Amino acid sequence: MKIFAVAQQKDGKLAAASYELIEAAKSLGGDIHTVILSDNASALASELAARGGGKVLAVSHPELKNFNDEAYVKVISNLISKYSPDIVLGLASFYGKALFSRLAASLGAPMASEATAVSLDGNSLVVTRPSHGGSVIAQVTATDSDKPYLVTLRMKIYPESKDGSGEVVEESVDASLLESKMSIKEVKAESAGSVNLTEADVIVSAGRGIKGTENIPMVKDLAQVLKGAFGASRAIVDAGWTEYSNQVGQTGKTVNPKLYIAIGISGAIQHLVGMQTSKVIVAVNKDKDAPIFNIASYGIVGDAFEIVPAITKKFKAELAD
Ligand SMILES: Cc1cc2nc3c(=O)[nH]c(=O)nc-3n(C[C@H](O)[C@H](O)[C@H](O)COP(=O)(O)OP(=O)(O)OC[C@H]3O[C@@H](n4cnc5c(N)ncnc54)[C@H](O)[C@@H]3O)c2cc1C
């Protein structure tokens, strides 16, 4: 069985979750090939090879510096034709979702998205994935397909592969594969020091209960003390209090941190589907009947304006020791 793991990079740095893909591939056994595209993929490929990436296919070209759906799909399709993998694993990140849906359409291949586990039943891949907003856990498999089975994996479910063997294989790229109707004019950096929401171990999210944009620093302070990321409900994104990139939920990001703290968030199903797999959920809400308490590991019924500054102060003192 041949498995492709499609690693992800941004600004020339590997997404740590790329190592989770390698770990998932290892759990299946077989022949692992890790794919990395970048303007200078060789250095990244060496890092992947040192942590169990198997045969690491490095494709370098200036046009591959930033993610471009069209070019990436053509280059990866070309590698799939060349190596004929049985399974292609990618990340259920914004990039991964865009890439894999296009790949599946262009190859006519079966695809399962947002997987939380992959396993083998004989020679068939079985993918476990939440469905219907997480109320159903489905196990799906592809039957009678002569195409590779494409799967995007949720982040922070598999541990990162720490070691293993690997070798770098430099792959050349034909310029015709890089032609695209899309060109990237500008890439805006995320604010310095901010922690990436989908990779964060701790997330502190704010909802409409914080009353206004002027109170966002109160929530960001707590996130910063815990070295976590700041998240938001759609209500406050729609209200213009914070950027869409912070939104958690059905139409925002799916997150899976070790600790998720929800401040003044009611717990609408569209928010829950994006964060309910978090390991520990703490909710602060002044309404004891708020639905968020149904899924919270710990609930604090009270006023966010009293509780958040108090716990921030306590954490500052504790963590300073
Ligand atoms: C198609 C679709 C997609 C959607 N996608 C998303 C999505 O991706 N993400 C998302 O979040 N939502 C999404 N929504 C919106 C979702 O339905 C809710 O409207 C939204 O999540 C509510 O946000 P909220 O909890 O911040 O606000 P509210 O529901 O207004 O809740 C505010 C909470 O704050 C509490 N509160 C008030 N004052 C205080 C205080 N002083 N201290 C403590 N608590 C206080 C209240 O008791 C209340 O529970 C979507 C909706 C649709 C229809």
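User: Which residue stands opposite Ser119 in β9?
Analyst: A word first on what you are looking at: this is a predicted model, in which local features need pLDDT of at least 70, side-chain atom pairs count only at pLDDT 80 or more, and totals for chains, interfaces and linings use all residues. Residues are numbered from 1 along each chain as its sequence is written. β8 and strand β9 (residues 124-131) run antiparallel and are joined by five bridges; strands (E, at least two residues) and helices (H or I, at least four) are DSSP runs numbered from the N terminus. In β9, the residue opposite Ser119 is Val126.

User: In what order do the strands of this three-stranded open sheet lie?
Analyst: Two strands count as paired if DSSP finds at least two bridges between them. The edge strands, β8 (117-121) and β10 (136-141), each pair on one side only. The pairing is antiparallel, and the order is β8-β9-β10.

User: How much does that sheet twist on average from one strand to the next?
Analyst: Angles run from 0 to 180 degrees between N-to-C directions, with axes being lines fitted to C-alpha atoms (for helices, over the stretch in contact). For the sheet β8-β9-β10, the average from one strand to the next is 30 degrees.

User: Which strands stand at the edges of the seven-stranded sheet, and why does one side of each lack a neighbour?
Analyst: The seven strands form an open sheet with parallel pairing, in the order β7-β11-β6-β1-β4-β5-β12. The twist there averages 20 degrees from one strand to the next. Each edge strand has a single partner, so one side of it is left without a neighbour in the sheet; these strands are β7 (111-115) and β12 (166-171).

User: Which residue of β11 does Met111 face?
Analyst: Strand β11 (residues 149-153) and β7 pair in the parallel sense over three bridges. Standing opposite Met111 in β11 is Leu150.

User: At about what angle to β1 does helix α1 run?
Analyst: Helix α1 (residues 18-28) lies across β1 (2-6), β4 (31-38), β6 (87-91) and β11. Helix α4 (residues 94-107) lies across β6, β7 and β11, and runs at about 170 degrees to β11. For helix α1 and β1, the angle is about 170 degrees.

User: Is Ile22 buried or exposed?
Analyst: Ile22 has its place in helix α1. Among the residues it touches are Ala5, Ile32, Thr34 and Ser161, not counting residues up to four places away in sequence; contact means that C-beta atoms, placed from the backbone, lie within 7 Å. A residue is buried if 20 or more other C-beta atoms lie within 10 Å of its own, exposed if 12 or fewer, and partly exposed in between. Ile22 has 27 within 10 Å, so it is buried.

User: How far apart are the C-alpha atoms of Asn68 and Ser183?
Analyst: Asn68 lies in the loop between β5 (54-60) and α3 (69-83). It touches Ser180, Met182 and Ile184, leaving aside residues up to four places away in sequence. Asn68 and Ser183 are 115 residues apart in sequence, yet their C-alpha separation is 8.0 Å.

User: Which residue of β17 stands opposite Val282?
Analyst: Five bridges join strand β15 (residues 259-263) to β16, and these run parallel. β16 also pairs with strand β17 (residues 298-301) in the parallel sense, over four bridges. In β17, Val282 has as its opposite Tyr298.

User: Which element supplies the largest share of the shell around the ligand?
Analyst: The ligand is surrounded by 28 residues, and the closest are Gly207, Gly209, Ser233, Arg234 and Gly249; a residue is near if its C-beta atom, placed from the backbone, lies within 6 Å. α6 (234-238), α7 (269-272), β16 (280-285) and α9 (304-320) each supply at least two residues of this shell. The largest share, three residues, comes from α6.

Definitions and conventions
Contact = placed C-beta atoms within 7 Å.
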